4 protein chains.
Amino acid sequence: MSDKAAKKKQYILDTARGVFAKKGFKNVTMKDIVDACDISRGGLYIYFESTEDIFAELMKNEAEEMDDVFSGSINEESSAGDILALFLKEQKKELLSEKESLLVATYEYAFSNMNNSDRTELFKERLNAFVKVVRKLIEKGSESGELYCEDPEGAARNILNVIEGLKIRSVTTGITESDIDRELLYIMSGLIAD
Amino acid sequence: MSDKAAKKKQYILDTARGVFAKKGFKNVTMKDIVDACDISRGGLYIYFESTEDIFAELMKNEAEEMDDVFSGSINEESSAGDILALFLKEQKKELLSEKESLLVATYEYAFSNMNNSDRTELFKERLNAFVKVVRKLIEKGSESGELYCEDPEGAARNILNVIEGLKIRSVTTGITESDIDRELLYIMSGLIAD
Amino acid sequence: MSDKAAKKKQYILDTARGVFAKKGFKNVTMKDIVDACDISRGGLYIYFESTEDIFAELMKNEAEEMDDVFSGSINEESSAGDILALFLKEQKKELLSEKESLLVATYEYAFSNMNNSDRTELFKERLNAFVKVVRKLIEKGSESGELYCEDPEGAARNILNVIEGLKIRSVTTGITESDIDRELLYIMSGLIAD
Amino acid sequence: MSDKAAKKKQYILDTARGVFAKKGFKNVTMKDIVDACDISRGGLYIYFESTEDIFAELMKNEAEEMDDVFSGSINEESSAGDILALFLKEQKKELLSEKESLLVATYEYAFSNMNNSDRTELFKERLNAFVKVVRKLIEKGSESGELYCEDPEGAARNILNVIEGLKIRSVTTGITESDIDRELLYIMSGLIAD
DNA sequence: AATGAATGAGCCTTCATTCAT
DNA sequence: TATGAATGAAGGCTCATTCAT
């Protein structure tokens with residue numbers, strides 16, 4: 001039955017994902033999840049004890065998927081430029097809400113109960129993983145002559161800061177594709193080998 | 001009485017600011033404000049009909065103050081570099097939570113009920129005002145030879161994106177002064193005249 | 001309005017008393033009180049935050065009333081025997097459930113969350129007040145020659161222990177008037193002056 | 001299997017005893033028992049349908065054990081005084097919580113759903129059994145000249161009332177060994193042959 | 001017999017909001 | 001204007017009890 005239970009847990013997570021994508025984090029109640037999953041109040045509590053619990057699990061899953069995607073492709077033949085382009089394209093998708101995104105929910109989750117060191121740790125890991133991926137890409141690009149960069153770590157951090165800023169802008173003011181392209185072009189222009 | 005009323009309204013706003021700075025936006029209830037202001041439940045509703053209402057007013061005030069500070073100094077004799085330094089120092093303060101900041105509350109406010117065009121407009125104005133200030137500073141610096149920049153608008157946007165990213169990092173993962181300095185140095189290094 | 005509030009609080013206490021008398025302590029929920037008082041859920045919470053809160057207040061009131069009754073009569077002309085008789089008659093009433101009694105509720109209250117020192121203190125005071133009253137009566141009776149007792153404190157404690165025991169019996173096994181009379185007679189027989 | 005079933009039932013009872021001793025009666029849920037016994041929810045319902053059911057069985061067992069202990073020893077050579085001393089010592093142990101006691105649980109059980117005649121009957125039997133034992137001891141003591149008593153039945157009832165009162169005090173106000181000794185001395189002093 | 005997931009009723013508690021004074 | 005008592009909806013959580021396996 002543990003197998004069945006795991007399936008149900010996954011079903012709840014999948015369904016909850018849609019709820020969080022639509023309503024953010026703070027506006028989601030256990031009742032919302034219950035309604036969306038069409039299960040009983042008590043039934044949900046068997047698997048999760050709070051919306052935070054659910055969301056934390058969701059984030060872990062997302063992080064793993066992200067990891068799988070990139071750590072797979074990064075050591076293969078494709079050029080650094082191609083992968084970086086893929087990475088930025090993924091980010092663009094999220095920024096343009098072209099896919100069901102946990103963007104807002106993730107921020108809200110981060111803000112609620114900020115003094116939770118587990119949570120802080122979760123975000124640190126996430127960030128570091130990202131930085132590492134981007135830095136490697138830049139290094140690889142430098143070696144192959146596609147890119148030129150004297151401080152790959154700094155550049156990687158800079159790219160992620162900008163992306164973070166754009167994400168916030170996509171939520172607070174809205175953002176268009178050309179906005180994004182302009183910003184990305186700006187940061188990339190410093191990396192292009194002359 | 002309108003004078004008295006205005007004073008009371010301002011008193012409520014000032015007091016509420018502290019509450020939002022401490023608890024963010026979503027966690028603040030009308031009751032919290034009532035308690036902090038030591039007025040009656042009904043009394044508060046005479047002036048504001050919701051926490052959103054209060055916070056929106058608060059943000060407008062903040063924007064105006066910011067405007068006053070910089071649009072005043074920007075046309076005067078002080079060098080662009082000095083003002084930019086002042087601006088970045090202010091941002092650092094906020095990032096390091098050295099002053100009572102509405103950072104988190106502002107984000108939470110942005111996230112709650114996102115499809116409110118008034119709110120979006122508010123944030124757009126805020127961003128544009130910022131960009132304008134920074135762009136002017138860069139232009140002024142270029143003219144005086146302090147800085148070198150071919151795309152002041154792009155640079156200004158880039159700076160604000162990075163700052164936004166750092167703000168988010170300060171909330172999600174925590175951030176140290178040297179983290180901030182490193183990122184600021186990185187973006188400034190592209191602007192320094194050789 | 002504080003006057004009105006006080007009245008309402010008293011109304012709630014009076015009504016709650018009936019509920020506790022009927023259902024004991026642990027079986028009473030805030031909803032029971034709300035229903036009995038015909039007020040809103042939230043309305044009750046304005047005055048009391050839990051059934052414990054309500055019951056504690058109720059007990060204090062009871063203790064004060066008891067105090068008023070006896071501390072008034074004890075220093076007056078009536079003979080010790082008369083007052084003792086009155087006291088025992090009151091106890092009999094309670095034992096026979098002839099009046100709406102908080103007996104069971106009081107015990108249940110005592111048992112729930114026993115490690116509460118406030119509560120323990122409350123019961124100690126209650127007991128000591130009782131002992132003091134009965135001891136004084138016995139002393140007075142000894143002086144007037146109505147009673148004979150070498151250890152008034154011990155006798156008082158013994159009487160109260162027996163009464164406590166009878167109370168428990170009234171709850172656990174039921175008890176008849178003649179049962180009570182027999183036990184009281186037994187303990188009194190040792191006090192009657194030959 | 002009936003043998004195996006009986007063993008399991010006994011195992012549940014033994015385990016449940018500890019739970020009741022620790023948490024009283026009303027605070028114990030079927031889930032508590034399930035957790036303590038490390039069996040399944042449904043499994044418990046095969047043997048018992050409620051906590052009341054379990055506790056009732058437990059009390060019967062206790063009563064039988066008590067009976068075995070004393071009805072065994074009472075007809076043997078040991079002196080009445082010795083046995084009475086043993087009896088009182090047992091009571092003291094319980095009063096001082098020196099052994100895992102069902103004291104509180106028993107009272108709570110008695111109070112919940114009082115109008116249950118089965119339960120009343122259970123307590124009556126318990127009391128009568130006790131009275132009978134103590135009365136016999138007193139009679140035996142009288143015959144042997146150890147004690148002096150004109151009304152053994154009354155004296156026995158008195159002793160049990162006092163013990164009941166002390167039990168309640170041990171719960172409501174706390175009680176020390178010297179408190180107990182004093183009360184027991186008081187009631188015994190009337191029985192000691194001059 | 002035994003399991004443990006699932007249900008749903010029921011209680012607790014907090015708030016936004018109203019309204020008589 | 002100002003008060004604060006009152007309301008009732010909403011969400012959180014826990015259990016007794018059932019039932020398919």
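Colleague: What makes you say that chain A has nine helices and zero strands?

Modeller: The DSSP runs decide: a helix is a run of H or I of at least four residues, a strand a run of E of at least two, numbered from the N terminus. Chain A has nine of the former and zero of the latter. From the N terminus on, the order is α-α-α-α-α-α-α-α-α. This is a predicted model: local features need pLDDT of at least 70, side-chain atom pairs count only at pLDDT 80 or more, and totals for chains, interfaces and linings use all residues. Residues are numbered from 1 along each chain as its sequence is written, and chains are lettered from A and ligands numbered from 1 in the order in which they are written.

Colleague: What share of chain A counts as buried?

Modeller: Buried needs 20 or more other C-beta atoms, placed from the backbone, within 10 Å of the residue's own. Of the 194 residues of chain A, 30% count as buried.

Colleague: How many residues does each chain give to the contact between A and B?

Modeller: Contact requires C-beta atoms, placed from the backbone, within 7 Å. Chain A gives 32 residues and chain B gives 31. On the chain A side, helix 8 supplies the largest share, 13 residues.

Note on methods:
Contact = placed C-beta atoms within 7 Å. Buried ≥ 20, exposed ≤ 12 C-beta atoms within 10 Å, placed from the backbone.
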